[in-house]
Amino acid sequence: MQACLELEKKYKDILLKKFLDHVHLVELQHDAKTEGDNTDYWNSLKLDGGNFVDFNFHMMSEWDDPDRSWTCEVYSVDPPTEDNKYHSINTDHTLFLAFYHPESKELEIA
């Protein structure tokens with residue numbers, strides 16, 4: 001069962017800015033050079049205290065769909081353990097942060 005990830009407003013604001021910057025860039029130039037997959041972009045944000053969250057910006061349909069929308073989701077990241085020396089995404093703790101609709105330029109914050 002998924003639990004809602006709690007995230008401070010300052011991090012939500014940072015992620016929303018990154019989300020809109022990414023979407024606007026890719027909407028203007030579909031093959032723009034980014035750090036990842038333009039339509040299914042994953043990255044991490046370091047939080048105070050040394051932990052991280054992973055985030056995903058995902059285009060929900062094809063380029064030729066005028067009603068396409070984008071989503072911004074955030075996932076908690078578990079710290080390394082004795083059994084796993086790496087940080088690992090925890091998809092049981094998620095925050096659906098926003099939808100963006102390029103046609104209407106509407107941002108829906110969850």
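Predicted model: local features only at pLDDT ≥ 70, side-chain atom pairs only at ≥ 80, totals over all residues.
Residues are numbered from 1 along each chain as its sequence is written, and side-chain values use heavy atoms, with hydrogens and water left out.

Let's start with helix α1, which covers residues 9–28. Helices (H or I, at least four residues) and strands (E, at least two) are DSSP runs, numbered from the N terminus. α1 has 20 residues and reaches 28 Å from its first C-alpha to its last, close to the 28 Å expected at 1.5 Å a residue; that expected span is 1.5 Å times one less than the number of residues. Which of its residues are tucked away? Buried means under 20% relative accessible area, exposed over 50%, and partly exposed in between, using a 1.4 Å probe and protein chains only. In α1 the buried ones are Tyr11, Leu15, Leu16, Phe19, His22, Val23, Val26 and Glu27. Look down the axis of α1 and these buried residues fall within an arc of 135 degrees, so they line one face of the helix. The arc is taken from the directions from the helix axis to the C-beta atoms. On the other side of α1, Lys9, Lys17 and Leu28 are exposed. The cover over the buried residues of α1 includes β2, β3, β4, β5 and β6.

Now for the strands. β3 is mostly covered, with six of its eight residues buried. β2 and β3 pair in the antiparallel sense over seven bridges, where pairing takes at least two bridges found by DSSP between two strands. These two strands form a hairpin with five residues between them, and Gly49 in the turn has a positive phi of about 95 degrees. β3 is also joined to β4 by seven bridges, again antiparallel, and Asp54 has Tyr75 in β4 as its bridge partner.

Take a look at Tyr41 next, whose bridge partner in β3 is Phe57. Rings of Phe, Tyr and Trp (its six-membered ring) pair if their centres lie within 6.5 Å; planes under 30 degrees apart count as stacked, over 60 as edge-to-face and the rest as tilted. By this rule the count comes to seven aromatic pairs. The rings of Tyr41 and Phe57 have centres 5.6 Å apart and planes at 25 degrees, so this pair is stacked. Tyr41 sits in strand β2 and Phe57 in strand β3, so the pair ties together parts that are 16 residues apart in sequence. Tyr41 is buried at 7% relative accessible area, and Phe57 is buried at 1%.

Finally, the loops. Arg68 is in the loop between β3 and β4 and counts as buried because its relative accessibility is 13%. Its side chain makes a polar contact of 2.6 Å with that of Glu27. A polar contact is a pair of N or O atoms within 3.5 Å; within protein, one must be able to donate a hydrogen and the other to accept it, and residues adjacent in sequence count only if both atoms are side-chain atoms. Ser61 lies in the loop between β3 and β4 too, and its side chain joins that of Asp65 in a polar contact of 3.4 Å. Over in the loop between α1 and β2 you'll find Asn38, with a polar side-chain atom 3.0 Å from the backbone oxygen of His30.

Note on methods: Contact = heavy atoms within 4.5 Å.
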